[in-house]
Amino acid sequence: MSGEKRTVRQRLEDGPVICGEGYLFELERRGYLQAGSFVPEVALENTQALEQAYRDFMNAGSDVIVAFTYNAHREKMRIIGKEDLVENLSRQAIRSAKKVAEEHPEEPALVAGNISNTNVFDPDDDTSKDEVRSMFAEMVDWCVDEGVDFILGETFYYHEEALIALEEIKKSGLDAVISLGLMGEGVLRDDFTVEESCKILEQNGALVVGMNCFRGPDTMQPHLEKIRENTEGYLAALPLPYRTTEEHPTFFNLPDGGCSCSLPTETTFPTSLDPLYHNRYELAEWAKKAHYDTDIQFIGLCCGASPAMIRAVAEAVGRVAPNSKYSPNMEKHFLFGQDETLKQHNVEYRTKA
């Protein structure tokens, strides 16, 4: 590791910032997190597993380690009967992120604090708004205490909740990245379009605005283009790596016509989405379009992403990841390679294999 650590502002000025997310699904796949409640207890119960996920995403090209405190707010912790652990969990998730960030071979990764949709916000209930503000305020305070570089507020499906998050982050003096989660109706649940919301958030001081989660590239990209037309600053895009469609724009109701069993859940979400992935090359093509055509500067993937997918996105926008040395190269493959020392009787058999 060498060189000074640039801020998120400085990195955005220098080029695209890669943000690899997806810890929620990745750690569930690895066996350290329960699907359904989706609470990141792993920060306390299996700290090494969380740190390895941080490390894998960073080495795949992520400039940012987002402290895994998504869903680590009082409401989620209350539901699982562990509200008393909320502060310890948040602080440990940040400390682990800071530890791994220093391992980057070229420049320490940025550490982002994280606050997110609370699921208790109700536009018709002022008490809920006070509760949300209180939850955000304490999480921001912990972020400040632990020395994060900036705060990512994400997956807000109410504009007003996103605005509350921004207000609380601004009180800390830290830079704010605010991204919205757009559900199937195509507008936020308090009837703002994402472009209206992002314009207001930008005008109110967010360094970066944009979208994350819920939608794959195909159903997020049209909205990103509208946001670009209505804003002037830095934009964020972190779609899911799933093949969402105009008919099924989010992963909540994405069908799998080829499934041969009876699913234990009402839909493929969240544990039967496997056949519905985009491959890494499709994700790379989206990343090129988003960055070069739509001028998206804060770019990555959200729930479902793997390190290999993050690496493909990073390389698509001109970056070289620490683990780019492991990027695919079929030259030496016994069937599909081109190395002249390979056995021809194998290479010629490749279409029959």
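This is a predicted model: local features need pLDDT of at least 70, side-chain atom pairs count only at pLDDT 80 or more; totals for chains, interfaces and linings use all residues.
The buried residues of α8 are His159, Glu161, Ala162, Leu163, Ile164, Ala165, Leu166, Glu168 and Ile169. Among the elements that cover these buried residues are the strands β3 (110-116), β4 (150-156) and β5 (176-180), together with the helices α7 (126-146) and α9 (194-203). After α8 comes Gly173, which has a positive phi, near 85°.

Two packed helices are described by the angle between their axes and the distance between the axes. The table gives these values for two pairs.

| Helix pair | Axes come within | Crossing angle |
|---|---|---|
| α6 (86-101) and α7 | 10 Å | roughly 40° |
| α10 (217-230) and α11 (280-293) | 11 Å | roughly 0° |

The axes of α6 and α7 cross at roughly 40°, and that makes α6 oblique to α7; the crossing of this pair is right-handed. On the α6 side the contact is made by Val86, Glu87, Ser90, Arg91, Ile94, Arg95 and Lys98, and on the α7 side by Met139, Trp142, Cys143, Asp145 and Glu146. Of the residues in this contact, five are nonpolar, one is polar and six are charged.

For α10 and α11 the axes cross at roughly 0°, and the two helices are therefore roughly parallel to each other. Pro217, Gln221, Leu224 and Glu225 of α10 make the contact with Leu283, Trp286, Lys289 and Ala290 of α11, and the residues of this contact divide into five nonpolar, one polar and two charged.

Definitions and conventions:
Residues are numbered from 1 along each chain as its sequence is written. Side-chain values use heavy atoms; hydrogens and water are left out. Buried means under 20% relative accessible area, exposed over 50%, partly exposed in between (1.4 Å probe, protein chains only). Helices (H or I, at least four residues) and strands (E, at least two) are DSSP runs, numbered from the N terminus. Contact means heavy atoms within 4.5 Å. Axes are lines fitted to C-alpha atoms, for helices over the stretch in contact, and angles run from 0 to 180 degrees between N-to-C directions. Angles under 35 degrees count as roughly parallel, over 145 as roughly antiparallel, 65 to 115 as roughly perpendicular and the rest as oblique. A crossing is left-handed if the near helix is turned anticlockwise from the far one by less than a right angle, and right-handed if clockwise. Ala, Val, Leu, Ile, Met, Phe, Trp, Tyr, Cys and Pro count as nonpolar, Asp, Glu, Lys and Arg as charged, and the others, Gly among them, as polar.
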